[in-house]
Amino acid sequence: ALRAAVPLLTELDLTANLLSSWTIVPELCAALPGLQVLCLSENRLTFPVAPMPLPLGNAALALSLRALVLNDCGMSWQQVRCAASVCACTVSHPAC
């Protein structure tokens, strides 16, 4: 449904939308294969305890997403590094 509604979407800003789980990232990337920039700033995202592999079929995540913005998400640097390795993209996270 989302793919059909906005098939050419390349940038999505979900700043301060009360998102709480990291799983939204692969879900959005699967639904929006052309997504290149995703801003999740000011959301308190929880990460899985164990490293999260890319779900089968979401290999496009590593190919299309170029920038993930995580300003003021309350994340540790370890979580930021995990996000960067899973996404294979540039992650923006200021030192707070």
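The model is predicted: local features need pLDDT of at least 70, side-chain atom pairs count only at pLDDT 80 or more, and totals for chains, interfaces and linings use all residues. Residues are numbered from 1 along each chain as its sequence is written, and side-chain values use heavy atoms, with hydrogens and water left out.

**Helix 2**
- V25, P26, L28 and C29 of helix 2 (residues 24-31) are buried (under 20% relative accessible area with a 1.4 Å probe, protein chains only).
- These residues lie on the same side of helix 2, because they cover an arc of only 160 degrees around the axis (taken from the directions from the helix axis to the C-beta atoms).

**Nonpolar core**
- The largest nonpolar core has 21 residues (buried Ala, Val, Leu, Ile, Met, Phe, Trp, Tyr and Cys residues joined through side-chain atoms within 4.5 Å).
- W22, V25, L38, L40, L65, L68 and L70 touch the most other members.
- Helix 2 and helix 4 (77-87) each give two or more residues to this core, and the largest share, three residues, comes from helix 2.
- Beyond its neighbours within four places in sequence, L40 is in contact (heavy atoms within 4.5 Å) with residues including L14, V25, L68 and L70.

**N43**
- N43 sits in the loop between strand 2 (37-39) and helix 3 (60-64).
- N43 counts as buried because its relative accessibility is 0%.
- The N43 side chain reaches the backbone oxygen of L14 at 2.9 Å, and one of its polar atoms lies 3.0 Å from the backbone oxygen of L40.

Technical notes. Buried means under 20% relative accessible area, exposed over 50%, partly exposed in between (1.4 Å probe, protein chains only). Helices (H or I, at least four residues) and strands (E, at least two) are DSSP runs, numbered from the N terminus. A polar contact is a pair of N or O atoms within 3.5 Å; within protein, one must be able to donate a hydrogen and the other to accept it, and residues adjacent in sequence count only if both atoms are side-chain atoms.
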